[in-house]
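Hi,

Here is the structure I promised to pass on. Have a look at it first, and then read on for my notes on the side-chain contacts.

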Amino acid sequence: MAGRPKVGLVLGGGGAKGAAEVGVLKVIEKAGIPIDYIAGTSIGSIVGALYAAGYSASELETLFCQQEWLTLLTDRRDDMGGEPYKVKDGVTYIFGFPIMGTIKEGTIGGFGVMRGEKVEQLIDSMACRKGCQNFEQLKIPFRCVAADFRQAEEIVIKSGKLSTGVRASMAIPGVFKPVNYDGRKLVDGGMMNNLPVDVVKAMGADIVIAVDLQQNEQKPKEQDLDLGMVGGIADMLGFGGLLNWVVARPDFTKHAENVKQATVYIRPPLPDKAASSFGNKSSAHMIKVGYDEAMKHWDELVKLSNKL
């Protein structure tokens, strides 16, 4: 094979725990490992997109520790935070959170009350500062994973506006509005592939460093559901693939396969941190946890760096 082996970085989903991925990136930079490809899901798509655009780990650390993530992710209006109920410009707000209202291009109604516009605007603004509004302009090739909610199908986004792809990848079903993308209703990619090692390998990576934010082993559980009812609802709503997803949980199978395919597998221990634990102190703590866990792989990373 001509040249050195290509290195792929995989950043898994896990809400606010994504701050730990920044800590891992600090160690990867410290070890001097070049990254050739990046794939991310959900919060991992946010971290991955910005890193691919040219932001350093230290710059991302500042972002996580200074941004008010709860407001960003929920589109909360700070000026209405003290009002139990208010309608303004066609949008209904409950304590400042947008519950329903005019639907803008790129989003659709139903299944989620938050639109995620502020975080999309942040990604767009930061990417533009690096001259990377679109996937094709990124310094490092990047893919983010979303899911077609109707068909329960994995969608790998690799072109078009970067912020739209990231927004689709982190659209948690039932929380954020799905994103209308090429005629599909896209939601959080964790529904299908929360640790997309296979995606980065398909991009051309020979070596894969994977950062997994899932804290528990993923195994299908005995279903305590009326599957006939679930299937009826899915058919009525046009979500034909949903029942199969509930029964088979392909995300569990995919996760297990991807863990095995990782060259360096790093899972920061954050059992006490919920996916919604955003905040300056929480972010700083999780960045340290990610850093400390990555340092446990220091010899492995240095050996890899020397090989490259």
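Before the contacts themselves, one cut-off: a charge sits over a ring if NZ of Lys or CZ of Arg is within 6 Å of the ring centre and within 35 degrees of the ring normal. Please also keep in mind that this is a predicted model.

With that cut-off in hand, look at Lys30, which lies over the face of Trp298 at 5.5 Å from the ring centre. Lys130 does the like with Tyr55: it lies over the ring face, at 4.7 Å from the centre.

Next, ring against ring. A search of the whole structure turns up one aromatic pair. It is made by Phe135 and Phe142, and because their ring centres are 5.8 Å apart with the planes at 10°, the pair is stacked. As for accessibility, Phe135 is buried, with a relative accessible area of 5%, and Phe142 is buried too, at 1%.

Now the salt bridges. How many does the structure hold? The count is nine, and here are some of them.

Lys26 and Glu61 meet through their side chains, at 3.2 Å from N to O. This pair links distant parts of the chain, since Lys26 sits in helix H1 (residues 19–31) and Glu61 in helix H3 (residues 57–66), 35 residues apart. Both ends are partly exposed: Lys26 has a relative accessible area of 27%, and Glu61 comes out at 24%.

Lys254 forms a salt bridge with Glu154, and the closest N and O atoms are 2.8 Å apart. Lys254 belongs to helix H10 (residues 250–261) and Glu154 to strand S7 (residues 153–157), so this bridge ties together parts that are 100 residues apart in sequence. Is Lys254 buried or exposed? At 19% relative accessibility, Lys254 counts as buried, because the cut-off for buried is under 20%.

Asp292 is partly exposed at 33% relative accessibility, whereas Lys288 is exposed, with a relative accessible area of 52%.

Finally, have a look at Asp148, Glu153 and Arg184, which are linked in a network of salt bridges.

Cheers

Conventions
Residues numbered from 1 in each chain as written. Predicted model: local features only at pLDDT ≥ 70, side-chain atom pairs only at ≥ 80, totals over all residues. Heavy atoms only, no water. Phe/Tyr/Trp six-rings, centres within 6.5 Å; stacked < 30°, edge-to-face > 60°. Buried < 20%, exposed > 50% of the residue type's maximum accessible area, 1.4 Å probe, protein only. Salt bridge = Lys/Arg side-chain N within 4 Å of Asp/Glu carboxyl O. Helix = DSSP H or I, 4+ residues; strand = E, 2+ residues; numbered from the N terminus.
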